[in-house]
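Please go through this structure in short questions and answers.

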Amino acid sequence: MPAINNAIVARDSFSHIVRRENWAQQEAGVVVVFCIVFVVGVGLVGLWISKCLAKRRAKKAAVHA
């Protein structure tokens, strides 16, 4: 059991020595731009799918009419 405790102590001390920087907090503007681009992209894909479905419905209605 001492090996497990030493490993935990070593990991904890290593995490205190090596501090990770929060990139998202430092570059908040870039994250916002990524989110906006994602939302616009999803909207455009949704619009494209909706147009394809509308064409399919119109073609199906024209065949049966």
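A disulfide is a pair of cysteine sulfur atoms within 2.5 Å.

Q: How many disulfides does a search of the whole structure find?
A: The model is predicted. The cut-off for a pair of cysteine sulfur atoms is 2.5 Å. A search of the whole structure gives a disulfide count of zero.

Q: Is Cys 35 buried, partly exposed or exposed?
A: Buried means under 20% relative accessible area, and exposed means over 50%. Cys 35 has a relative accessible area of 43%. That value lies in between, so Cys 35 is partly exposed.

Q: What is the relative accessibility of Cys 52?
A: Cys 52 counts as partly exposed. That class lies between the 20% and 50% cut-offs. For Cys 52 the value is 35%.

Q: What pattern does the protein chain follow along the sequence?
A: The protein chain has three helices. Read along the sequence, the pattern is α-α-α.

Q: In which helix is confidence highest?
A: The mean pLDDT of the protein chain is 84, and 71% of its residues reach 70 or more. Confidence is lowest in helix H1 (residues 2-17), at a mean of 64. The highest mean is 95, in H3.

Q: What percentage of the 65 residues in the protein chain is buried?
A: A buried residue has under 20% relative accessible area. The accessible surface of the protein chain is about 6,300 Å², with 69% belonging to carbon and sulfur atoms. Of the 65 residues, the buried share is 0%.

Q: What is the area of the nonpolar surface patch that includes Val 40?
A: Val 40 lies in helix H3 (residues 28-64). Val 32, Ile 36, Leu 44 and Leu 47 make the patch with Val 40. Its area is about 460 Å².

Key
Residues numbered from 1 in each chain as written. Predicted model: local features only at pLDDT ≥ 70, side-chain atom pairs only at ≥ 80, totals over all residues. Heavy atoms only, no water. Patch = residues over 30% accessible without salt bridge, like charges linked within 9 Å, V, L, I, M, F, W, Y side chains within 5 Å. Areas by Shrake-Rupley, 256 points an atom, 1.4 Å probe, with all protein chains shown as cover. Salt bridge = Lys/Arg side-chain N within 4 Å of Asp/Glu carboxyl O. Helix = DSSP H or I, 4+ residues; strand = E, 2+ residues; numbered from the N terminus. pLDDT = per-residue confidence, 0-100. Buried < 20%, exposed > 50% of the residue type's maximum accessible area, 1.4 Å probe, protein only.
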